[in-house]
Amino acid sequence: MHKAAYELIEDKRRNEIHYHLGKFYKEQIKENPEDERLVFEAVNQLNNSDITVAEEKEELLHLNIKAGGLAQSANAYETALSYFNSAI
């Protein structure tokens, strides 16, 4: 049901939602830098958005590298590779 409702949202609106959620999680990282879950939440949301600003793209690149490193440390190699590939 969740997926069906998600599919009803227009692509542009979905991108906006992912972008704003990702920005929210990025702010939470600043307040809780030890919470690795927030890195994954931010990256997953931002990777599903349509970022066009060069500075934000660079920030996302670094977040993907960080998420990839965290995943690799947890022996989640396929997930790590996915984040590293997103950083390219």
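**Charges**

I looked up the charges first. The 10 positive and 16 negative charges of the protein have mean positions 3 Å apart. Lys and Arg count as positive, Asp and Glu as negative, while His and the chain ends are not counted. I took the place of a charge as NZ of Lys, CZ of Arg, CG of Asp or CD of Glu.

**Ground rules**

This is a predicted model, where local features need pLDDT of at least 70, side-chain atom pairs count only at pLDDT 80 or more, and totals for chains, interfaces and linings use all residues. Residues are numbered from 1 along each chain as its sequence is written, and side-chain values use heavy atoms, with hydrogens and water left out.

**Overall form**

I looked up the secondary structure next. The protein has 5 helices and 0 strands. Helices (H or I, at least four residues) and strands (E, at least two) are DSSP runs, numbered from the N terminus. The order from the N terminus is α-α-α-α-α. The radius of gyration is 13 Å, close to the 12 Å that the globule rule gives for 88 residues, so the protein is as compact as a globular protein of that length. The radius is taken over C-alpha atoms, and the rule is 2.2 Å times the number of residues to the power 0.38.

I noted the span of the C-alpha trace along its principal axes: about 35 × 30 × 25 Å. Of the 88 residues, 30% count as buried. Buried means under 20% relative accessible area, exposed over 50%, partly exposed in between.

I also checked contacts (heavy atoms within 4.5 Å). Among those with a separation of 6 or more, 44% join residues 24 or more positions apart.

**Salt bridges**

Side chains of opposite charge can pair when their charged atoms come close. I counted a salt bridge as a side-chain nitrogen of Lys or Arg within 4 Å of a carboxyl oxygen of Asp or Glu. The count is 6.

R13 pairs with E16, with the closest N and O atoms 3.2 Å apart. Both lie in helix α2 (residues 11–31), 3 residues apart, about one turn of the helix. R13 is partly exposed at 44% relative accessibility. E16 is partly exposed too, at 32%.

E27 and K30 meet at 3.2 Å, N to O. They are also 3 residues apart in helix α2, about one helical turn. E27 is partly exposed at 39%, whereas K30 is exposed at 62%.

K26 counts as buried at 16% relative accessibility. E59 is partly exposed at 30%.

**One histidine**

My last entry is H18, in helix α2. Is H18 buried or exposed? H18 is buried, with a relative accessible area of 10%. Leaving out residues up to four places away in sequence, I found that H18 touches Y6, Q45, L46, N48 and S49.

Definitions and conventions: Buried means under 20% relative accessible area, exposed over 50%, partly exposed in between (1.4 Å probe, protein chains only).
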